[in-house]
Protein chains: 4
Amino acid sequence: MPLKPNIPDPKSEARRVGFALVGIGKLTAEELIPAARTSEDAYVAALVTGEEDKGEAFARAFDLTEEDVFTYDEFEKLADREDVEAVYIVLPNSLHREYVERAAKMGKHVLCEKPLGVNADDAQAMVDACQKAGVKLMTAYRCQYTPHHWAAREAVQSGKLGDVKVLDSVHVQVEDDPTVWRLKMDYAGGGPLPDIGIYSLNILRFVLGQEPEWVFAHQHQPKGDPRFKEVEESLSFMLGFPDGVMANALTSYDAFKTTTLRVMGNKGSLLMDPAFPYQGVKLTISDEEGETSPTFAPYDQFGLEFDHFAQCIRQDREPWTPGEEGVQDHVIMDAIYESARTGQVVKLPKPRKKLDAFRGAKPRLPGKK
Amino acid sequence: MPLKPNIPDPKSEARRVGFALVGIGKLTAEELIPAARTSEDAYVAALVTGEEDKGEAFARAFDLTEEDVFTYDEFEKLADREDVEAVYIVLPNSLHREYVERAAKMGKHVLCEKPLGVNADDAQAMVDACQKAGVKLMTAYRCQYTPHHWAAREAVQSGKLGDVKVLDSVHVQVEDDPTVWRLKMDYAGGGPLPDIGIYSLNILRFVLGQEPEWVFAHQHQPKGDPRFKEVEESLSFMLGFPDGVMANALTSYDAFKTTTLRVMGNKGSLLMDPAFPYQGVKLTISDEEGETSPTFAPYDQFGLEFDHFAQCIRQDREPWTPGEEGVQDHVIMDAIYESARTGQVVKLPKPRKKLDAFRGAKPRLPGKK
Amino acid sequence: MPLKPNIPDPKSEARRVGFALVGIGKLTAEELIPAARTSEDAYVAALVTGEEDKGEAFARAFDLTEEDVFTYDEFEKLADREDVEAVYIVLPNSLHREYVERAAKMGKHVLCEKPLGVNADDAQAMVDACQKAGVKLMTAYRCQYTPHHWAAREAVQSGKLGDVKVLDSVHVQVEDDPTVWRLKMDYAGGGPLPDIGIYSLNILRFVLGQEPEWVFAHQHQPKGDPRFKEVEESLSFMLGFPDGVMANALTSYDAFKTTTLRVMGNKGSLLMDPAFPYQGVKLTISDEEGETSPTFAPYDQFGLEFDHFAQCIRQDREPWTPGEEGVQDHVIMDAIYESARTGQVVKLPKPRKKLDAFRGAKPRLPGKK
Amino acid sequence: MPLKPNIPDPKSEARRVGFALVGIGKLTAEELIPAARTSEDAYVAALVTGEEDKGEAFARAFDLTEEDVFTYDEFEKLADREDVEAVYIVLPNSLHREYVERAAKMGKHVLCEKPLGVNADDAQAMVDACQKAGVKLMTAYRCQYTPHHWAAREAVQSGKLGDVKVLDSVHVQVEDDPTVWRLKMDYAGGGPLPDIGIYSLNILRFVLGQEPEWVFAHQHQPKGDPRFKEVEESLSFMLGFPDGVMANALTSYDAFKTTTLRVMGNKGSLLMDPAFPYQGVKLTISDEEGETSPTFAPYDQFGLEFDHFAQCIRQDREPWTPGEEGVQDHVIMDAIYESARTGQVVKLPKPRKKLDAFRGAKPRLPGKK
């Protein structure tokens, strides 16, 4: 009787979409490369890094050759690599635009880490560049691709919670190291808001399918803390959605790791706690009947992202979270910062249409457990 | 071998403080009278009600005689009842002031349900009346008397959570019946804010021991819903505390019952969920070491209130939550409503001193389980 | 606008069934009397106690007169009290039989605390006495009357869990006082088994609706501990049900309070934890879809018992847990003790019919929340 | 400012211990190889498989060359591979002995999956072979190497729970496929007991540090189910430990996935639920003060195993779970099956000494989070 190994039998690389990963940091090493290995639709075809030695070590470790490693200066050499159909930008925020534009010029599709840029104008320029070049642009909002977050959205939009009235989200953590680029305004474009607060903002919009009409915000930037010379330490924001629906959110770089989402309707409520980890998201839906926590077959959030974008490329569809979705969060974050600066409510422009105004083709979700 | 019954052996009534309960509603019937029965320091000596029949039925049911039942018109007859040393006002908010003043005139100490009045001026008048009459006034903030809420405060103030940065609280529920007095501005002085949102406000202040410096708020009052002709349906408010600490809160009369408090510091966090029920409060403290949920011997929140006020009377001490504490919540709620009306941040007056500015003698907590 | 008190408006006493409570201990004072006060179908009409003073204090406290208090010697005087239609026996186990028989002779229906007697013969004699006298006998198994335990039973019997294969239950607590009657063999008939282990045994049988075919047990009775001179400290038992279904159970008087039930089928499982408290029972049902915890409107377990027995008396039906149900637990506990003594598996007699062999009319459950 | 990638910088391979993985199934592919990649003390130097194609595919995928892949027939060629200091046997149970003996003859140290063999004699032969050859043998009991299980053991052995009285463990799951080798007696040596019930047995022994004195067991093997023609479907066992401590356990191949451990002492209790998953073990310790759930920095259970065995090799120490530990579980499982067959209690031989009778050098635990 033979052993029965359960090794994934991926599509041949010819049918899968080859990605160049641009930037080799912790996220690339610990999440993206492992995720790509198990993707049915994508694979890592090349690495782009500033440190050639590290790139080669990675290549050896992850089954690539030295020919697959490029320095930032050699980025344009990817143009000749037909197997590289897309790039995944995993660089500091302020570099996104440059590399998105360079990739678009080469005709490569682009998956770009969140936040899309450093402000709305910056992000819009990326959308424009990709549109002009006829390549697809997707903002890497992993939480819009998981069965847990879709189940939350379904609970909201199906009416299971009744009419939604108020929402609440927290995403805070401690950033200890004053030297990281995330604390430099030129690199990051802001503090915790564009890095982690953006999850609250993005998922509040996602579960409602609607856009806020106004914001109010207040931020705190303590004097004398070397970490917060340039960016805010903590920020609280309030969002006004259509029909009087209100949402509160908190983000901070100096508070014990907490990630939650709570949606309260007049028939029931839902809680995600934790709401945004790579693994271990927990959803609980409560109503008069009791509490329910759905479970799903194990999934890799980054693998689901890779799969969706690769499928959109193969099937020529607009991604669920295209560049426009990334721009819209920047429009709102710009308004949040303006409100924090002026102490005034800031009105937001009306979006084009009612639901999911900035989103594309729905992703295919993995099956139930 | 005898059976061992475990019947409380209360102090003789001579040593306990006799209360007249003013107003016989659900709270009086289901919570206050049972609580008083097990109190070591207090007992129910009289009932005041508008419906004499009901009062007499209650008297029969709860071990009093017809002589112990008074109509509202007969309220002043309590002056001759030496056994009635205190009154507990359990009437619609707008009637608090009248009955507090009438009680003070008779020289009776007053325990008054929250909110103390319908606005800060109204509440301050009660404080003044009691001061002038030389009687004690306590605002019935039950959550400031439980071991759970004190353990939360201790976690905050001991530094166990590190420096507190952001806080969050929710108190929402569905009010179905458009005819209740709680939805009439003249009786209630507001909607969910003074009824249930006040818990968030009050406990945020209690765990920090500090006072907010400014507020921002937004409210929703839907057109066409007969319940919300006079008062708000939902209200979101943001509080700015000293040193840049920020707190968000949500309250609503049309959202599935939820009561939470979350405090996040840079070393740890705490969650109360549910935070404000009569029974079943759950506290969880999290830090790098893990999660801890303290348990306590069973207690009756209303019994603890009765005990504290009775002890303050016997020992001539200021209650932990005197009238001033109730006034301060009104000052802030007035500012919240002003902000909601004007769309502007509203600054609050600086309180007199640093910690627990409006509080009196610390209550004695029940022992560990 | 009038206040809207929410006082229960019980049926007139004429239609309710009057009970005499026999034995005034902690259970009577803290649970039974409060429960009876809110029952729609029952009320306390008399008290029987060994200590006349205490009885009279209780009478005063609970709205009865001195005429409603009887000593054990005066028990037969209840015969003349037409308003006393039933007695509730809350005495040490070894006294149950005497008082059941004396009550039956007077033509009073009997609700008797668990365990019904001190062994199967003792319990059977009670059944026989009541049958002969034409009065009803109900064993007070409160957990067979709650919506939580019925929801567990429904999950098992509806096939929601698939075929049930294995079950597990724990009921342990610390008994500190070596002088209590529960530790005396003559009064109690055993140690933790008939007092708390009986919950595991009884609820395992209840959720399955079936009877065990064999038992194996092992007990521990430490030398030198004054508490366990006469009865076991801890006891483990295994039950074999039809179709190979197996259940494990643990009971102890020297282990930290734990009460659980776990039922595992091939499609899902359920957990009750805690399983047997007066308040706060929690049920969680798990399957491939996730976890569900039903909630129910608040209920009083003892009130539900009172109601059921009173309804059975009014409608002349057999109670859901008649004397026979109590006898059957004794038959099994006798076998458990025999197994513990001999170290051998003990076979049990086949019951008369398939499901719910020893049970009567289904109780009416309170509504959903 | 450079990116700060956080790539592990492992010891050079010269200092790490090279392992040959023998058998390429799901465990090897999904757990062992990823674990070895992040180990500081071990690495995968070779693969042994029956299917050369698969081996080569794996080699390519995991950074090895074709020269690193061996068929079972070529196993002895590892003798010449000095970089292969140890083998990890991941074969069906009945093949463990042959490969352990062949490895020992080559002078390779052996890490062997649980159960060590198919019965006590089989397992003892492996211990003897390794002893004779002067190589180390470790049984791969991953749960004896995690911070969670050590925290549970510490709670038990430190007296935090008081005197432990009763324990309870469940490990059940559904095995759907009638063709797997785990359901064939010749390959597996039993059913769920040696595969998953062994976790309960092993961890009960581990947390107590003591050995059972007797066992009782009952098993169910349904007629007509093609899965259970050779092995039991479900098995319940009871263990008697010194001083009257009793433990119950359930195992099954036809019950919804459940893995728990509960330990109850007279001062507190602990619950692990789930107790045995690769990830997400949860420990809760309860006592009069409340509940505490410790958290730990993320760890890889298989990585901890690799590390410990590699360290034992480098430092010439006896592993914490040597072959003897694996034999002892077989001695007890043999007795469990004998009890299930005979229906009698089976006494076990007294172990050599008091605590941790079959264990070696304590493992180094990873730090707190």
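Start by selecting where the two chains meet: the contact (heavy atoms within 4.5 Å) takes 43 residues from chain A and 43 residues from chain B. Bear in mind that this is a predicted model, where local features need pLDDT of at least 70 and side-chain atom pairs count only at pLDDT 80 or more, while totals for chains, interfaces and linings use all residues. Residues are numbered from 1 along each chain as its sequence is written, chains are lettered from A and ligands numbered from 1 in the order in which they are written, and side-chain values use heavy atoms, with hydrogens and water left out.

Together, chain A and chain B bury about 3400 Å², with 64% of it on carbon and sulfur atoms. Buried area here is the accessible area (1.4 Å probe) that two parts lose on being put together, summed over both. Next, click on A:M246, A:L250 and A:F256: in chain A they lose the most area to chain B, together 19% of what that side buries.

Now pick A:E233 and B:K165. They form a salt bridge, and their closest N and O atoms are 2.9 Å apart. Between chain A and chain B the count is six salt bridges, each a side-chain nitrogen of Lys or Arg within 4 Å of a carboxyl oxygen of Asp or Glu.

Then colour the strands (E, at least two residues, in DSSP runs numbered from the N terminus). Which one gives the most to the side of chain A that touches chain B? That's β11(A), with eight residues.

Note on methods. Helix = DSSP H or I, 4+ residues; strand = E, 2+ residues; numbered from the N terminus.
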